[in-house]
Amino acid sequence: MTFVRALVLSPADDVAVVTTSCDDGRPIDLSDGSRVVAAGAIPAGHKVAVRDLPADHRVRKYGQVIGATTSPVPRGAHVHTHNLVMDTGDRDHEFAIDVVPPARPPGPEPTFQGYRRADGRVGTRNYVGIVTSVNCSATTARLIAQHFTPAVLAAHPQVDGVMALTHQSGCGIVGDSEGARMLVRTLRGYAEHPNFAAILVLGLGCEMVTLDLLSGSLGSTVIDRLNIQESGGVRSTVALGIERITAMLPAIDALGRAAEPVSELVLGLNCGGSDGLSGITANPALGLASDRLVAWGGSSVLAETPEIYGAEHLLTRRAVDEQTGRRLLARLDWWHDYLQEGAGTLDNNPSPGNKQGGLTTILEKSLGAVAKGGSAPLVDVVEYGERVTQKGFTFMDTPGYDPVSVTGLVAGGANVVVFTTGRGSVFGCKPVPSIKVATNSALARRMRDDIDIDAGMIVEGLQSLGEVGEAIFDRILAVASGEKTASEEIGAGQEEFVPWHIGAVT
């Protein structure tokens, strides 16, 4: 009889994760050398009890509590939503006790081929952006961008494209509200982003978010500001926009890549469609790549505040000081209040797809999600879309909804994104390349046109965690130097610009 493998992630764990689907009565070889017999069918990526568990038992995975049993669970049984629920017990928050900077690797600092901008930051792509102040200018922006087809841009091979940054707000909002400040911060973050060589700022003319709010003090990146009402309407404004961008294309095309130190990279860390293997393969492998970048003086940014809930105590321990750790807890407190106003809670997660992939509670999901951030010290906590200025590992407060989260990361300055997925994702985020890493090889084979790296090789026994982490780091350098990702080959990313909208609409 063929034996099924299951991974025990910590000696204190009550469960193991099966790597392939398992039938009732099938022997399961555990990675700690012991064996159980499946008491029922268990899907791949799901949990099996490694010992008899009483009712109301706090179940551990990764050495951490992920939930409590609702009834006695015998050894070998499937552990999931039918017998495991959220555990609401308090967690101790300690500060600055696990602050261990990653060791700088031997040898010279790696480089990538990037575009150094006037403000000193370095881009990994060479786009023209059309930043809209209000939804009323969205159609005009899209019409301008649509003119610059691949055929039109063929004469300018160093220009990656013309992108219209359209959104659903900009008016009908309280001018000095948190939501308005967040929108302006996000739009300005994109307008200043080093992956844009030039920006056209476009408005209607009577909106709450004015052109001055968006373009004031932005410097030479802004090539023009167009007001549709003053420019004679949509057709006239489209013609003016096309004319102005066309005139700039030769200069933008002349901007060449040059060798830049890897410390100029700002790496955005995100996940979507997670499964039971996310915290075992793709996420910790990405964490190793993140640590290596930080060791070389670069920056990496973890996000998705609702998806660190239950694992935040691991991050506060890594905070460089108590103040930084308490800023993280303050953002979680804000989320508790925000969701309570909307009749929600932070444990309104995982999603149906996450559960099908083996994740049972938000605690389990969060423990796997924070692995993307490696083990480097937490040097800063920033708000949504706020510029990341500290070298090292930073946390940004964002929702867990992928397009909104990554929009915040890009606004904060991320010039490369790595996106891990277990259920499958087709995510792109122009103007920044998005490298997608599959947690399992079945997904990598099934969606091979959308996946860049197969971290499932780890559980297949074909590569080590360190080897996959090294492969991710190498791909980051290659993509930062111009190699296209799967999402870029498909053309994804235009519609994934989704600023976080909060607050009243009047």
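This is a predicted model: local features need pLDDT of at least 70, side-chain atom pairs count only at pLDDT 80 or more; totals for chains, interfaces and linings use all residues.
**Exercise 1. The largest pocket**

Find the volume of the largest pocket, and work out which elements and which kinds of residue line it.

*Solution.* 

1. Start with the volume: the largest pocket comes out at about 660 Å³.
2. Next, look at the lining, which is made up of 27 residues. Nearest the centre of the pocket lie Y127, D160, G161, V162 and K430.
3. Now assign the lining to elements. Those giving two or more residues are α1 (138-147), α2 (150-153) and β13 (161-165). The largest share belongs to β13, with 4 residues.
4. Finally, sort the lining by kind: 11 residues are nonpolar, 8 are polar and 8 are charged.

**Exercise 2. Two packed helices**

Describe how helix α7 (residues 282-295) and helix α14 (residues 465-480) pack, and say what kinds of residue make the contact.

*Solution.* 

1. Two packed helices are described by the angle between their axes and the distance between those axes, so these are the values to look up first.
2. For α7 and α14 the angle is about 55 degrees, and the axes are 8 Å apart.
3. Classify the angle. Roughly parallel needs under 35 degrees and roughly perpendicular needs 65 to 115, so α7 and α14 are oblique to each other.
4. List who takes part. From α7 come A282, P284, A285, L286, L288, A289, R292 and L293. From α14 come L465, G466, V468, G469, E470, I472, F473, D474 and I476.
5. Sort these contact residues by kind, and you get 12 nonpolar, 2 polar and 3 charged.

Methods. Residues are numbered from 1 along each chain as its sequence is written. Side-chain values use heavy atoms; hydrogens and water are left out. On a 1 Å grid over the protein atoms alone, a cavity is a set of points where a 1.4 Å probe fits but cannot get out, and a pocket is an open set with protein on both sides within 12 Å along at least five of seven lines; lining residues have an atom within 4 Å of a point. Grid points are joined across faces, edges and corners, and a volume is the space filled by probe spheres set on the points. Ala, Val, Leu, Ile, Met, Phe, Trp, Tyr, Cys and Pro count as nonpolar, Asp, Glu, Lys and Arg as charged, and the others, Gly among them, as polar. Axes are lines fitted to C-alpha atoms, for helices over the stretch in contact, and angles run from 0 to 180 degrees between N-to-C directions. Angles under 35 degrees count as roughly parallel, over 145 as roughly antiparallel, 65 to 115 as roughly perpendicular and the rest as oblique. Contact means heavy atoms within 4.5 Å.
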